[in-house]
Amino acid sequence: MTTIATVETFLVAPRWLFVRIETESGIVGWGEATCEGRSETVRTAVHQLSELLIGRDALRIEDHWQVLTKGSFYRGGPILASAVSGLDQALWDIAGKHYGAPVHQLLGGPVRDRIRVYGWIGGDEPAEIRDQISARIEAGLTAVKMNASGRMGALASVADLDAVVQRVAVAREVLGDDRDVAVDFHGRFTVANVRRVAPLLEPYRPFFLEEPVVPENSHLIGEVVRCTTTPISTGERLYSRQEFLPVLQAGIAVAQPDLAHAGGITEVRKIATLAELYDVQIAPHCPLGPIALAACLQVGFATPNFLIQEQSIGIHYNQGAEVLDYCLDQTPLTFVDGYVSRLTAPGLGIEIDEHAVRTADKRGHAWRSPTWRHPDGSYAEW
């Protein structure tokens with residue numbers, strides 16, 4: 001029987017929320033419902049939504065997704081969407097284990113045998129940037145992502161804009177012409193600032209410029225697209241096809257849904273199909289844990305317009321645990337020459353160390369987003 005018997009959640013370091021669903025026959029599925037800085041709230045939402053799942057057939061994934069997302073008068077948003085995402089991933093994991101196949105096989109089969117990955121680098125000074133990129137190259141990666149800046153005023157100074165350009169110039173120098181650097185604006189820039197700095201970055205040929213404006217200003221992203229030849233990406237804070245449609249129509253080149261926020265495998269697969277109509281590539285946002293990463297890869301192996309996968313091994317957020325610490329076998333998520341090979345085990349393709357997860361949950365975590373202010377005391381986007 002594939003009847004859902006239990007739904008559990010685990011708040012584990014460094015900042016993740018795992019979801020465990022078990023069927024009456026003993027099949028266990030894992031998902032990740034992490035919502036950075038709000039995971040305790042999502043945990044409550046997961047348990048409330050579980051009332052709609054317990055006692056029902058785990059294999060009716062699409063039906064469950066419809067009920068979970070539309071079965072209430074108030075819908076959407078990061079909390080509910082993240083809760084649904086974790087549950088959805090776990091249901092797909094169960095389905096794959098039930099049928100003895102990796103999830104990408106259930107999505108239509110593989111369209112590629114490996115997926116390119118990139119990693120984060122930190123550092124503000126040129127020497128730090130050089131060291132961090134060199135370490136990533138040494139680890140075999142062929143692409144990295146870096147912050148464009150820290151706090152940024154509404155109309156940035158010449159020095160602030162020059163600092164952005166100089167940092168990217170150093171990255172390009174170290175990477176050479178056969179590797180890539182993506183530049184993350186984190187929504188910290190106004191449209192005016194982006195229009196000033198984006199053309200200055202073009203000589204260094206960034207892979208893409210990520211989230212140049214906050215998602216609330218998605219209606220302005222067309223202005224950004226038109227001011228530069230560099231590909232524009234966004235989407236980590238968009239949670240449905242409906243929210244992606246305007247930015248696709250505005251001309252972004254790369255869509256970045258987060259499988260722990262945007263409705264899980266079920267909805268991200270549909271976002272990818274929608275993006276394909278606009279000749280847009282998919283590069284899922286994933287500075288998260290191993291379950292979210294595995295879910296991203298499963299979608300990637302079955303999605304034609306899949307570009308590259310973010311992963312957070314070694315990212316500065318990971319304090320207290322690393323991405324692979326909760327995996328019984330780290331081999332499936334090992335990178336070779338900047339790529340991860342197709343996952344072949346049933347379900348999401350990884351084995352979670354349940355003992356480690358339960359132990360970590362007893363300690364929990366209380367990760368919070370930083371709060372920044374400008375010199376005048378006003379709030380600053382981070």
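Predicted model: local features only at pLDDT ≥ 70, side-chain atom pairs only at ≥ 80, totals over all residues.

Reader: Is Y118, then, buried or exposed?

Author: Y118 has a relative accessible area of 2%, so Y118 is buried. F208, at 0% relative accessibility, counts as buried by the same cut-off of under 20%.

Reader: How are the rings of Y118 and F208 arranged?

Author: For two aromatic rings one looks at the distance between their centres and at the angle between their planes, where an angle over 60 degrees counts as edge-to-face and one under 30 degrees as stacked. By this rule there are eight aromatic pairs in the model. The ring centres of Y118 and F208 lie 6.5 Å apart with the planes at 70 degrees, and therefore the pair is edge-to-face. This pair links distant parts of the chain, since Y118 belongs to strand β4 (residues 114-120) while F208 sits in the loop between α7 (191-201) and β7 (209-210), 90 residues apart.

Reader: What is the arrangement of W16 and F18?

Author: Their ring centres are 6.3 Å apart and the planes stand at 20 degrees, so W16 and F18 are stacked. Both W16 and F18 are buried, and ring pairs join W16, F18 and Y326 into a cluster.

Reader: Which residues touch the most other members of the largest nonpolar core?

Author: A nonpolar core is a set of buried nonpolar residues joined through their side chains. The largest one here holds 114 residues, and those touching the most other members are F18, I21, L87, F185, I265 and Y326. Another core lies apart from it, made of eight residues, among them Y118, A182, F207 and A283.

Reader: And how should I read a pocket?

Author: Rolling a probe the size of a water molecule over the atoms shows where empty space is left. In this model the second largest pocket has a volume of about 330 Å³, and of the 17 residues lining this pocket, W65, T69, G76, S240 and Q242 are the closest to its centre.

Reader: Which helix gives the most to the lining of the second largest pocket?

Author: That is α3, with four residues, although α2 (61-70), α3 (77-99) and α9 (241-250) each supply at least two. By class, the lining comprises six nonpolar, six polar and five charged residues.

Terms used. Residues numbered from 1 in each chain as written. Heavy atoms only, no water. Core = buried A, V, L, I, M, F, W, Y, C linked by side-chain atoms within 4.5 Å. Buried < 20%, exposed > 50% of the residue type's maximum accessible area, 1.4 Å probe, protein only. 1 Å grid on protein atoms, 1.4 Å probe; cavity = no way out; pocket = protein on both sides within 12 Å on 5 of 7 lines; lining within 4 Å. Points joined across faces, edges and corners; volume = space filled by probe spheres on them. Nonpolar A, V, L, I, M, F, W, Y, C, P; charged D, E, K, R; others polar. Phe/Tyr/Trp six-rings, centres within 6.5 Å; stacked < 30°, edge-to-face > 60°.
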